[in-house]
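Visitor: Hi! I'm new to this one. Could you walk me through it?
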Amino acid sequence: MFLSAFYEPKKLAAYRLLPFGKVVKYIFVFVLLTAVLSFISFSLSSGAILEDTGIPAEELKGIGPLLYPAAFVLQFLISTFYFYIKASIAALAGMGIIRLRGRRGEYRHLWRTAAVALTAPTLLLLADDLLGGTIPYAAPLSWAVALVYIWLAAGYYPKNAPVKRPAAHKPPVRS
């Protein structure tokens with residue numbers, strides 16, 4: 001799923017049919033990996049952060065063993081919550097996209113597609129975080145990338161059925 005999220009919009013559209021549990025499992029593993037990378041970055045810079053607080057070193061020694069596990073758990077929970085919110089908003093935008101493209105689908109289908117389509121945008125934001133915020137307009141750019149992936153995947157959703165109009169009523173012919 002990870003690799004196809006980058007270059008196979010047809011598979012992105014097909015992921016709408018996956019069981020919800022499989023998509024949730026992908027999200028948790030993906031968010032866990034990004035949280036680990038983000039936590040490593042935090043760990044490497046935490047010394048400088050703690051020095052800037054002005055708290056004496058003696059007081060920090062007492063919370064030291066609790067700081068890193070608590071920071072990791074919070075990082076994972078917040079990242080997971082943020083990812084679910086972002087997937088929900090992207091799926092809502094996807095509803096508009098499929099209407100524009102004349103396709104049919106339900107919100108639950110678009111949510112699954114959006115959750116996998118957010119792979120590249122999330123990695124873009126992670127890279128921005130790891131590089132210290134050097135990517136200009138990273139957040140709007142990540143949303144634009146997500147919407148492009150959803151737009152491409154929506155092209156493989158089923159087309160709307162043509163509207164059948166009732167035949168014009170003709171009066172019976174009398175002889």
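Guide: Happy to. Helices (H or I, at least four residues) and strands (E, at least two) are DSSP runs, numbered from the N terminus. This is a predicted model, where local features need pLDDT of at least 70, side-chain atom pairs count only at pLDDT 80 or more, and totals for chains, interfaces and linings use all residues. Residues are numbered from 1 along each chain as its sequence is written, and side-chain values use heavy atoms, leaving out hydrogens and water.

Visitor: How do α6 and α7 cross?
Guide: Their axes, lines fitted to C-alpha atoms over the stretch in contact, come within 8 Å and cross at roughly 165°. That makes α6 roughly antiparallel to α7 (angles over 145 degrees, between N-to-C directions that run from 0 to 180).

Visitor: New topic: which residues touch the most others in the largest nonpolar core?
Guide: Of its 33 residues, those are Leu-12, Ile-27, Phe-83, Trp-111 and Ala-115. Such a core is a set of buried Ala, Val, Leu, Ile, Met, Phe, Trp, Tyr and Cys residues joined through side-chain atoms within 4.5 Å.

Visitor: Which helix gives the largest share?
Guide: α4, with 8 residues.

Visitor: What does Ala-115 touch?
Guide: Val-23, Ile-27, Phe-83 and Ala-87, not counting residues up to four places away in sequence. Contact means heavy atoms within 4.5 Å.

Definitions and conventions. Buried < 20%, exposed > 50% of the residue type's maximum accessible area, 1.4 Å probe, protein only. Parallel < 35°, antiparallel > 145°, perpendicular 65-115°, else oblique.
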